[in-house]
Amino acid sequence: MINICNRKNDMPIMKHRNKTLGEFIIEKQEEFKYSSGELSRIINAIRLAAKVVNYKVNKAGLVDIVGAAGEQNIQGEDQQKLDVYANEVFIQTLTNREIVCGIASEENDDFIAIHGKAGDDNSKYVVLMDPLDGSSNIDVNVSVGTIFSVFRRVTPMGTPVTLEDFLQPGDQQVAAGYVIYGTSTMLVYTTGHGVNGFTLNPAIGTFYLSHPNMQYSKDGKIYSVNEGNYIHFPQGVKDYIKYCQMEEGDRPYTSRYIGSLVSDFHRNMIKGGVYIYPTSSKAPNGKLRLLYECNPMAFIAEQAGGKASDGYGRIMEIQPTELHQRVPFFCGSQNMVEKAEEFMAKYK
Ligand code: P6P
């Protein structure tokens, strides 16, 4: 508590203010006494990059930065100019600080090996990211997000990073988080000790702890799925959707689907709910990418008491085989994910 009282009436003229992200990182760093502080420096780098991207996202309607950049990414999706910009900002910020030995991004076909100025490959972490998820929403002013995932490298320090360092199961993550560029801009992340949310005060460019210890409720009443693909869904998903719509007990649930994973996930974590992107005839392995969308969101969900599944088993136990592989994704309130898994199991 910070109380600065003036003499006359002894009334506090500065009430307690929320902790800043910087203060929080320092405080948590002290809990990891023997760590080298590199992980804190990665979170600090993401904090800076998020502020730079936030500035451009908020200006998107005003400057010629909206609209396709004329290129396509490995997913065959038109790259929006902000996609390209955000990708460059996060890569540059992480590279300049020499804190990671490699980066993988949705926007890059292959991973990027980062050699320190001394060319010593001595950083011990790799970062995987979707620099601007939901970017198709940019032109229509709907919130978008950045998603990141951090692993310790598994190959020897001092040697160039390899694909093996990136193809690790999600339960090996040391940190994960997202930035949501919405009505306000928030950074939400975990290092395996719960989930905390920080809101940016754009006037001074500082993130303040606004959502300490975020928790998924065990149950919820919101289901998020693109029902336009209903006829292409597996029967278990069709049955679960009908279950959500049935008049019974606390149902029907409410359908809310923004088309931006970070936004749907964030709302469901605060209000309770489940997000589903299943396989379909159009997306035989699902649409979302395991390494830099599903794994980080799964880590956050589990740390917040939620659950993340591919419809049958834990997302974070999947052994990745490719950098951009896709998996079906069921994520959110534990009991809702488990109910969906029950329906899926009937047709396994
Ligand atoms: P659809 C955005 O492209 C994204 O990866 C997620 O953010 C979002 O939830 C999903 O795809 C939307 O996909 O096929 O429903 O438009």
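Hi everyone, let me start with helix α5, where L261, V262, S263, D264, F265, H266, R267, N268 and M269 are buried. Before I go on, please keep in mind that this is a predicted model. Helix α5 runs over residues 261-271, and nine of its eleven residues are buried, so I would call this helix mostly covered, given that buried here means under 20% relative accessible area. Just after α5 comes G272, which takes a positive phi of about 95 degrees.

A polar backbone atom of L261 is 2.7 Å from an oxygen atom of the ligand. Who else is around? The ligand is surrounded by 13 residues, and the closest are D133, Y257, L261, Y275 and Y277. Y257 has a polar side-chain atom 2.6 Å from an oxygen atom of the ligand. For Y277, an N or O atom in the side chain is 2.6 Å from an oxygen atom of the ligand. And how much of the ligand's accessible area does the protein cover? On its own the ligand has 400 Å² of accessible area, and the protein covers 82% of that. As for the site itself, the space taken by the ligand is the largest pocket.

Leaving aside residues up to four places away in sequence, N229 touches Y277 and K282. With K282 there is also a polar contact: the two side chains, N229 and K282, are joined at 2.8 Å. Where does N229 sit in the fold? You will find N229 in the loop between β11, residues 222-224, and α4, residues 235-245. And is N229 buried or exposed? N229 counts as buried, because its relative accessibility is 7%.

Last stop, helix α6, residues 290-303. This helix is mostly covered too, with twelve of its 14 residues buried. The buried residues in α6 are L290, L291, Y292, E293, C294, N295, P296, M297, A298, F299, I300 and A301. If you are following along on the structure, a reminder: an α-helix has 3.6 residues a turn, so residues three or four places apart point the same way. Just after α6, G305 takes a positive phi of about 85 degrees.

So, to take away from the ligand site: Y257, L261 and Y277 are among the closest residues, and Y277 is also touched by N229.

Key
Residues numbered from 1 in each chain as written. Predicted model: local features only at pLDDT ≥ 70, side-chain atom pairs only at ≥ 80, totals over all residues. Heavy atoms only, no water. Helix = DSSP H or I, 4+ residues; strand = E, 2+ residues; numbered from the N terminus. Buried < 20%, exposed > 50% of the residue type's maximum accessible area, 1.4 Å probe, protein only. Polar contact = N/O pair within 3.5 Å; in protein donor to acceptor, adjacent residues only side chain to side chain. Contact = heavy atoms within 4.5 Å. Near = heavy atom within 4 Å. Areas by Shrake-Rupley, 256 points an atom, 1.4 Å probe, with all protein chains shown as cover. 1 Å grid on protein atoms, 1.4 Å probe; cavity = no way out; pocket = protein on both sides within 12 Å on 5 of 7 lines; lining within 4 Å. Sits in = over half its atoms within 2 Å of the grid points.
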